[in-house]
Amino acid sequence: MRGDNFDLTQQKRDFLPKYSIQVIKNLALPLDNSEPSKKPFWIVKMSETALPRRRFLRGEFLHSLQSETVKVQGFQGVRPPWAVSEALFIQHCTACGDCAKACETQILVQGQGGFPEVQFDKGECTFCQKCVEVCQQPVFRPVSEVAWRHKIDITNECLTQKQVECRACQDSCEMRAIRFVPQLGKVAQPSLSLADCNGCGACISACPVSAIKLDYPQE
């Protein structure tokens, strides 16, 4: 569907380098035919920033396009630890990939728009701070602050709900935020101490049935 309803005037075609036309076609969102006056976000952004040709060739237009794509489509995931707000993050992050390369547990990947995001199913965050140290952009808060606000939630998919003994999450939690409480007539059930959870994600990759999800506090 990308590239459908794509239209550029000859004037805009003359303004943009030839290769950029294909880039825009690949990234532009489809338009709603019922609203012919509605312009795609990349045209609006281009008119707002009026990027000169040289800056375009340096990739700033493409970065702006990637940022707008993430804004429009939204982001449902986890940024690196100590990341600033989402708006500031995609504004300043250049999607260079240096933080992903530096991550010692390789849980940082380049996701939507090339921006880094955490995949806890690959492992845990050790808070090594290497992503912060290698980054040249103002996208991180001081490491003295809390890395993340998210906590974990153990869903009904947990094996203990099916009377199957399993304590993989407890064994993986260095913060001892997960304990198992003995139950009369059935297997021990997990108990969370959210105050002790640092959001490292170790329990997520350890769970054999993916029963642990992230829980985000209300703003």
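Start by selecting C125: beyond neighbours within four places in sequence, C125 touches P81, I107, F120, W148 and C200 (contact means heavy atoms within 4.5 Å). You're looking at a predicted model, where local features need pLDDT of at least 70, side-chain atom pairs count only at pLDDT 80 or more, and totals for chains, interfaces and linings use all residues. Residues are numbered from 1 along each chain as its sequence is written, and side-chain values use heavy atoms, with hydrogens and water left out.

C125 sits in the loop between strand 2 (116-118) and helix 8 (130-134); helices (H or I, at least four residues) and strands (E, at least two) are DSSP runs, numbered from the N terminus. At 9% relative accessibility, C125 is buried (buried is under 20% relative accessible area, exposed over 50%, partly exposed in between; 1.4 Å probe, protein chains only).

Next, pick C128, in the loop between strand 2 and helix 8. C128 is partly exposed at 26%.

Now colour C125, C128, C131 and C135: an unreviewed UniProt entry annotates them as "binding site". UniProt positions follow the numbering used here, feature names are shortened, and annotations may be inferred rather than shown by experiment.

Last stop, the rings. The whole structure has 3 aromatic pairs (Phe, Tyr and Trp rings, the six-membered one for Trp, with centres within 6.5 Å; planes under 30 degrees apart are stacked, over 60 edge-to-face, the rest tilted). Select W82 and F127: their centres are 6.1 Å apart and their planes at 70 degrees, so this pair is edge-to-face. W82 is buried at 4%, while F127 is partly exposed at 22%.
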